[in-house]
Amino acid sequence: MKICQRKIARESVFCGSLILVNAKHRLREEREPELSAVRDSRLKMRMQTVAAQALTALIAASERAAWQEEKNRERIVCVSGYRSREEQAGIFARSLAENGQVFTETYVAYPGCSEHETGLAMDLGKEQKEIDFICPEFPRDGMFGVFRRLAPEYGFVERYPAGREEQTGIGAEPWHFRYVGTPHAQIMAERGMVLEEYVRWIRQYELSDNPFLYCAGGKTAAIGYLRVSDRGENVYIAVPGNGTVSISGDNIDGVIVTVEAGER
Ligand SMILES: [Zn+2]
């Protein structure tokens with residue numbers, strides 16, 4: 001066990017793969033993230049590099065698994081990934097003109113409140129001739145079912161499930177996937193929590209006193225919340241010999257620190 005000292009600046013609250021971005025919590029980070037294209041059959045849509053790599057691997061694993069089970073050779077395509085503030089504003093305005101206010105406010109986030117501006121979200125569709133850009137078809141069966149089953153292992157969650165509109169404030173979007181990283185995606189999936197609930201729930205597990213312990217697949221992670229004041233925080237984190245530390249803001253008032261032990 002080694003003790004690792006970290007200075008956590010106030011700005012850390014507003015970036016990282018666990019940030020909560022919705023109508024109540026606007027995206028504060030204004031710089032364009034480091035982006036990469038996801039490798040699908042079209043190679044056009046970009047996400048934050050870490051998420052793009054994870055999604056590329058997840059799509060490949062789903063296609064491999066589904067095709068081995070001799071299901072038909074369907075393909076997943078990335079329909080919409082990173083959007084700048086201007087692009088989100090354009091989509092919102094166009095949808096308002098074409099689809100009206102009720103539809104637009106249900107399915108399109110206000111500029112500054114869209115997860116697509118973080119580079120951590122991707123709308124996925126089934127490859128077919130005509131793809132609906134705002135509400136693409138992404139089924140639950142066949143290879144799409146395999147994708148959904150494997151997603152948490154790769155750090156992805158279905159962000160706006162049906163029946164959870166009261167929490168998320170967004171209509172059910174079975175096509176919208178969000179990268180939150182592991183093991184957070186697995187914990188959320190196992191406990192049936194959406195991101196609004198997860199960032200609220202994890203606050204009870206303070207980093208220094210009682211981190212949440214999660215064990216899966218021979219790996220152990222300790223997850224703890226830390227409130228970050230305007231001056232920033234100076235923390236000491238206990239890390240096992242070959243372990244790793246990752247820190248993400250919650251986009252509210254603190255950070256979530258994840259310490260993962262290496263494989264035994
Ligand atoms: Zn989306």
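How many residues of domain 1 are in contact with how many residues of domain 2? In this predicted model, 11 residues of domain 1 are in contact with 13 residues of domain 2, where contact means heavy atoms within 4.5 Å. Local features need pLDDT of at least 70 and side-chain atom pairs count only at pLDDT 80 or more, while totals for chains, interfaces and linings use all residues. Residues are numbered from 1 along each chain as its sequence is written, and side-chain values use heavy atoms, with hydrogens and water left out.

**Domains**

- The chain is divided into domain 1 (1-18 + 195-264) and domain 2 (23-179), with bounds that come from an automatic or database domain assignment.
- The C-alpha centres of domain 1 and domain 2 lie 26 Å apart.

**The largest pocket**

- The largest pocket has a volume of about 400 Å³; on a 1 Å grid over the protein atoms alone, a pocket is an open set of points with protein on both sides within 12 Å along at least five of seven lines, whereas a cavity is a set of points where a 1.4 Å probe fits but cannot get out.
- Grid points are joined across faces, edges and corners, and a volume is the space filled by probe spheres set on the points.
- The pocket is lined by 22 residues, and Asn 22, Ala 23, Lys 24, Thr 168 and Gly 169 lie nearest its centre; a lining residue has an atom within 4 Å of a point.
- The elements that give two or more residues to this lining are α5 (165-168) and α7 (195-201), where helices (H or I, at least four residues) and strands (E, at least two) are DSSP runs numbered from the N terminus.
- Both domain 1 and domain 2 contribute, since the lining of the largest pocket draws at least three residues from each of them.
- By residue class, the lining of the largest pocket divides into 11 nonpolar, 5 polar and 6 charged, with Ala, Val, Leu, Ile, Met, Phe, Trp, Tyr, Cys and Pro counted as nonpolar, Asp, Glu, Lys and Arg as charged, and the others, Gly among them, as polar.

**The cavity**

- The structure holds 1 cavity of 30 Å³ or more, and the largest cavity has a volume of about 170 Å³.
- Of the 17 residues that line the largest cavity, Arg 83, Tyr 107, Val 108, His 116 and Glu 173 are the closest to its centre.
- At least two residues of this lining come from each of α2 (85-99) and β7 (173-179), and β7 gives the most, with 3 residues.
- The lining of the largest cavity divides into 9 nonpolar, 4 polar and 4 charged residues.

- An open sheet of 4 strands has the order β8-β9-β12-β11 with antiparallel pairing, and two strands pair if DSSP finds at least two bridges between them.
- Because β8 (212-216) and β11 (244-249) stand at the edges with a single partner strand each, one side of each is left without a neighbour in the sheet.
- β8 and β9 (residues 219-227) pair in the antiparallel sense over 5 bridges, and Tyr 214 stands opposite Ala 221 in β9.

**Backbone details in loops**

- A cis peptide bond, with omega about 0°, joins Thr 182 and Pro 183, and Pro 183 has its place in the loop between β7 and α6.
- Asn 251, found in the loop between β11 and β12, has a phi near 65°, a positive value in a residue other than glycine.
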